[in-house]
Amino acid sequence: MGAASVGGIGSSLVVGEFEILRIQAGTYWWDGGAIFGVVPKTLWSRKIAADDLNRVPLAFNCYLIRTGEHTILVETGGGDKMEPRARERMNLPAEGEPLAAAIARQGVDPESIDMVINSHLHWDHCGGNTVRANGDVLAAFPGARYFASRAEWEHAHERLPRDSVSYIDANYDPLVESGQMTLVDGDCEVVPGVRMRRAPGHNRDMMVVEAASGGQTFCFLSDLVPTAAHVQPTWVAAFDLYPLETIESKMRWLGAAVDGNWVVGFAHDVEFPFARIVGDAKTQFAAVKG
Ligand SMILES: [Zn+2]
């Protein structure tokens with residue numbers, strides 16, 4: 001797989017006939033203990049240093065898949081709907097750069113985006129689906145068809161005490177109501193070579209996105225593996241609703257990534273726009289850049 005330019009903000013990669021670009025829709029700071037779950041700080045702090053509030057830096061990573069025929073945006077970042085106090089807690093600027101502007105900055109016309117995929121509907125993955133405008137909520141990508149899991153959307157509306165805080169309906173409901181968002185029932189191929197596949201663990205219906213062309217594969221692992229430090233199967237975030245399933249799904253996808261020499265992308269890694277997964281005697285899997 002030829003890496004056109006890897007590293008920093010502007011990162012792209014060629015996968016067969018496809019071009020993949022990583023778009024970083026800003027960074028935020030979140031509690032390290034929550035991100036690393038039962039892993040002791042003495043171990044995780046060797047991988048990512050915490051600030052004096054025990055927070056670690058994370059990215060809102062989005063990916064563009066350009067197939068030649070389609071321009072597909074995977075994830076839309078945190079968006080503009082968090083309360084000021086929550087933004088402050090995460091060290092987010094009071095007003096972030098609009099995602100469309102971040103995309104344009106990488107030389108891609110945001111109006112060329114004809115599909116948007118959400119791996120799941122937590123605010124930090126679909127916050128940029130819509131934008132607030134004069135008391136209204138509008139599609140951020142009016143020319144695009146949006147895709148998300150139906151079961152995840154139904155779960156969002158269950159409003160369970162454990163995770164209701166992760167869902168902001170304005171990020172998806174206006175799109176479902178207007179018919180612009182398609183709710184998919186399980187695994188599906190949105191265009192030839194680009195698939196959404198259910199990978200349970202983080203929650204019941206989170207999906208990873210695989211883009212395969214010319215015998216090569218890119219896989220966006222979303223929160224199955226939020227950062228490169230999480231490739232070790234037992235390093236599971238405290239957020240995950242089904243940690244045993246996370247471990248099982250990781251074994252499956254990371255095993256496939258090793259066997260197929262895939263390039264992968266992580267939902268929140270600040271450093272790695274793209275990585276390959278290799279076997280490791282001690283930690284089972286390890287991530288290498290590019
Ligand atoms: Zn996330």
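Of the contacts in the chain with a separation of 6 or more, 65% are between residues 24 or more positions apart. The model is a predicted one.

The secondary structure consists of eight helices and 16 strands. The chain is as compact as a globular protein of its length, because its radius of gyration of 18 Å is close to the 19 Å that the globule rule gives for 290 residues. Along the principal axes, the C-alpha atoms fill a box of roughly 55 × 45 × 35 Å.

Of the 290 residues in the chain, 53% are buried. The accessible surface amounts to about 12,400 Å², and carbon and sulfur atoms contribute 52% of that area.

Is Val231 buried or exposed? Val231 counts as buried because its relative accessibility is 4%, and the cut-off for buried is under 20%.

Which residues does Val231 contact, leaving aside its neighbours within four places in sequence? The contacts are Val225, Leu254, Phe266, Ile277, Phe285, Ala286 and Ala287. Gly215 is 16 residues from Val231 along the chain, and the C-alpha atoms of these two residues are separated by 24 Å.

Conventions: Residues are numbered from 1 along each chain as its sequence is written. This is a predicted model: local features need pLDDT of at least 70, side-chain atom pairs count only at pLDDT 80 or more; totals for chains, interfaces and linings use all residues. Side-chain values use heavy atoms; hydrogens and water are left out. Buried means under 20% relative accessible area, exposed over 50%, partly exposed in between (1.4 Å probe, protein chains only). Contact means heavy atoms within 4.5 Å. Helices (H or I, at least four residues) and strands (E, at least two) are DSSP runs, numbered from the N terminus. The radius of gyration is taken over C-alpha atoms; the globule rule is 2.2 Å times the number of residues to the power 0.38. Accessible areas come from the Shrake-Rupley method with a 1.4 Å probe; for residues, only the protein chains shown count as cover.
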